[in-house]
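Biologist: I am new to this one. Could you show me how to read it, one feature at a time?
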Amino acid sequence: MSNEFEDIVVAPDERLSTECAPIEEITPEVRALADRMLRDMYATDGCGLAAPQVGELVQMVVIDVGYTENKRSPYVLINPEIVAADGEELEFAEGCLSFPGITVRVTRPSHVVVQALNLDGELMRYEAERNLLAVCLQHEIDHLHGVTMVDHLGPLKRAATMRDYKEALAAGARPGDTE
Ligand code: NI
């Protein structure tokens with residue numbers, strides 16, 4: 001196992017259900033955290049990663065929904081806020097680096113508008129509709145408020161999903177593996 005895989009906090013873990021603190025100032029430590037999260041995300045083939053997933057309880061997420069080996073266009077979102085989540089509800093099969101080995105069908109609003117600071121302290125606005133970015137923004141920002149994809153399921157579905165998840169873990173699933 002490489003460091004990147006070991007760096008990921010895997011459920012069950014209290015840090016995945018904790019409200020994260022806003023970032024007060026963009027310090028060298030904050031930049032280093034962004035670098036570390038991007039390294040981990042690319043190494044594990046994820047399209048997004050939130051700070052609590054590497055054990056840091058602060059409001060930062062990284063997202064890159066369309067990278068290839070040669071082309072990367074990462075977003076770093078600091079203190080992101082969902083300013084609108086509306087439109088038709090859509091179901092999407094989601095994976096999460098903190099739940100190796102499973103995918104979960106989650107229903108979310110199809111259109112989302114997010115405001116966040118970037119690493120230069122500029123206020124950025126992101127808008128996405130009916131695509132992976134729309135799902136990813138909502139999934140990652142949930143993590144900053146202690147909410148994971150399985151929290152969107154009803155009790156029966158959630159219990160069944162957690163049984164599948166325990167089996168996947170027992171079978172050796174690791175971050176980035178999906179069903
Ligand atoms: Ni996740």
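Biologist: In what order do the five strands of the open sheet come?

Modeller: Strands of a sheet pair through backbone hydrogen bonds, either parallel or antiparallel. Here the order is β1-β2-β3-β4-β5, with antiparallel pairing; two strands pair if DSSP finds at least two bridges between them. Strands are DSSP runs of E with at least two residues, helices are runs of H or I with at least four, and both are numbered from the N terminus. β1 (48-50) and β5 stand at the edges with a single partner strand each, so one side of each has no neighbour in the sheet. On average, neighbouring strands are turned by 30° against each other, direction ignored.

This is a predicted model, in which local features need pLDDT of at least 70 and side-chain atom pairs count only at pLDDT 80 or more, while totals for chains, interfaces and linings use all residues. Residues are numbered from 1 along each chain as its sequence is written, and side-chain values use heavy atoms, leaving out hydrogens and water.

Biologist: Which residues cover the faces of β2?

Modeller: In a regular strand the side chains alternate between the two faces of the sheet. In β2, Met60 and Val62 lie on one side and Val61 and Ile63 on the other, all buried. Buried means under 20% relative accessible area, exposed over 50%, and partly exposed in between (1.4 Å probe, protein chains only). β2 (residues 60-63) pairs with β1 over three bridges and with β3 over four bridges. Valine 61 stands opposite alanine 50, and methionine 60 has isoleucine 78 in β3 as its bridge partner.

Biologist: Which residues coordinate the nickel ion?

Modeller: Donors are N, O and S atoms within 2.8 Å of the metal (3.2 Å for Na, K and Ca); water is not among the atoms, so sites may look incomplete. Here they come from Cys96 (SG), His139 (NE2) and His143 (NE2), at 2.1 to 2.2 Å. Along the chain their spacing is C-x42-H-x3-H. Histidine 139 and histidine 143 are about one helical turn apart, because they are four residues apart in helix α3 (residues 132-143). Both histidines are buried.

Biologist: Is asparagine 118 buried or exposed?

Modeller: Asparagine 118 counts as buried, because its relative accessibility is 11%. Its place is the loop between β4 (104-117) and β5 (123-129). Its side chain makes a 2.8 Å polar contact with the side chain of glutamate 122. A polar contact is a pair of N or O atoms within 3.5 Å; within protein, one must be able to donate a hydrogen and the other to accept it, and residues adjacent in sequence count only if both atoms are side-chain atoms.

Definitions and conventions. Axes are lines fitted to C-alpha atoms, for helices over the stretch in contact, and angles run from 0 to 180 degrees between N-to-C directions.
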